[in-house]
Amino acid sequence: MNGQAGASVVSISGVSKVFATAAGQTKALEDIDLSIAPGEFVSLIGPSGCGKSTLLRLIGDLTAPTSGTITVNGKPARRARADRDYGIVFQAPVLFDWRTVQANVALPLEVKGVARAERDERVRAMLELVELTDFAPHHPYQLSGGMQQRVSIARALALEPSILLMDEPFGALDEMTRERMNSEVQRIWQRTGTTVVFVTHSIPEAVFLSSRVAVMSPRPGRIVRVIDIDLPRPRTDDTRESTRYFSLITEVRETLRGRRADGADRSGTVASAERTLAEGAVG
């Protein structure tokens, strides 16, 4: 599902995005370069308004870049979307209340025209994956927020996409539920091997989940640094109490603030802007 070994599932080269507004043009992203390998879990983090979600939408061909190129599984993003290479999970679950949990997960399979027997088996497998088998006949309004997001994840994985795009999926959840969902997503990711691109405002969440964290500057968003997360897997509650976990959180936070972990400032006006906005918006 993830493309050829050694190849990038996502390749972003020289991508910029400019939006036309009533006040003129707004540059959201500038000169983004990023490659994501098969099976990676890469988080995008940065100050509010830095273009994290815009970059995710560009990868998913929900909007087009102003300049630069994006390929997914070696294809233009538009072709990859037509081939259903993506699954997308947004902050809100976007479930249909008049459909049962089972019917919500089945929806993309119905749209694709998958035969009933195959569709039922795939839905059963997805609900088992997210541990909601017993809730198949329920409706979304009968579920907690975390359970609704698990249904959304099951639906996104129903067509076995090679890449899962997740746009702050746990931002509306309380801290305890969010931590449980982080563990659930890690378990699902490890079982499926799907490549994940994950947008978050939470530094601890990014560190806990990711293979790498791409730290972005204020608008126009640039990738300031990509930090390898070398914590062993599976990650557990013990991981959250480890010295290395806290060290990596500090490293991401200091990068957001325009400083290295040793306290030295990065030079240039970009670092100064990052420092000012990151301290107010993230952290």
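1. Strand E1 (residues 10-21) and strand E2 form an antiparallel pair held over 9 bridges. Within this pairing, Gly-24 of E2 is the bridge partner of Thr-21. The model is a predicted one, and the points below should be read with that in mind.

2. E1 and E2 belong to an open sheet of 4 strands, ordered E2-E1-E4-E5 and paired in the antiparallel sense. The edges are taken by E2 (24-36) and E5 (75-76); each has a single partner strand, so one side of each is left without a neighbour in the sheet. Helix H1 (residues 52-59) lies across E1, E2 and strand E4 (67-72), and runs at about 115° to E1.

3. The secondary structure of the protein amounts to 9 helices and 10 strands. Of the 283 residues, 49% are buried. Among contacts between residues at least 6 apart in sequence, 68% link residues that are at least 24 apart.

4. Which residues touch the most other members of the largest nonpolar core? They are Ile-153, Met-166, Val-207 and Val-252, in a core of 49 residues. Helix H5 (residues 145-157) gives the most to this core, namely 6 residues. Leaving aside residues up to four places away in sequence, Ile-153 touches Val-89, Met-166, Met-181, Val-185 and Ile-188. There is also a second, separate core of 28 residues, which includes Val-9, Leu-58, Val-72 and Tyr-86. As background, nonpolar side chains in soluble globular proteins tend to be buried together.

5. Residues lining the largest cavity include Ile-153, Met-166, Val-185 and Ile-188. Ile-153 also touches Met-166, Val-185 and Ile-188. H6 has the largest share, 4 residues.

6. The largest pocket has a volume of about 560 Å³. It is lined by 19 residues, and those closest to its centre are Tyr-86, Gly-87, Ile-88, Pro-108 and Leu-159. Strand E6 (86-89), helix H3 (101-112) and H5 each supply at least two residues of the lining, with the largest share, 4 residues, coming from E6. Tyr-86, one of the residues closest to the pocket centre, is also among the members of the second core.

7. Two peptide bonds deserve a look. The bond from Arg-219 to Pro-220 is cis, with omega near -5°, and Pro-220 is in the loop between strand E9 (212-216) and strand E10 (223-228). Arg-233 and Pro-234 are likewise joined by a cis peptide bond, with omega about 0°; Pro-234 lies in the loop between E10 and helix H8 (243-256).

8. Most residues other than glycine have a negative phi. Arg-84, however, has a positive phi near 60° and lies in the loop between helix H2 (77-82) and E6. Glu-168 has a positive phi near 45° and lies in the loop between E7 and H6. Are these residues buried or exposed, or in between? Arg-84 is partly exposed, with a relative accessible area of 35%. Glu-168 counts as buried because its relative accessibility is 18%, and the cut-off for buried is under 20%.

Note on methods: Residues are numbered from 1 along each chain as its sequence is written. This is a predicted model: local features need pLDDT of at least 70, side-chain atom pairs count only at pLDDT 80 or more; totals for chains, interfaces and linings use all residues. Side-chain values use heavy atoms; hydrogens and water are left out. A nonpolar core is a set of buried Ala, Val, Leu, Ile, Met, Phe, Trp, Tyr and Cys residues joined through side-chain atoms within 4.5 Å. Buried means under 20% relative accessible area, exposed over 50%, partly exposed in between (1.4 Å probe, protein chains only). Contact means heavy atoms within 4.5 Å. Two strands pair if DSSP finds at least two bridges between them. Axes are lines fitted to C-alpha atoms, for helices over the stretch in contact, and angles run from 0 to 180 degrees between N-to-C directions. On a 1 Å grid over the protein atoms alone, a cavity is a set of points where a 1.4 Å probe fits but cannot get out, and a pocket is an open set with protein on both sides within 12 Å along at least five of seven lines; lining residues have an atom within 4 Å of a point. Grid points are joined across faces, edges and corners, and a volume is the space filled by probe spheres set on the points.
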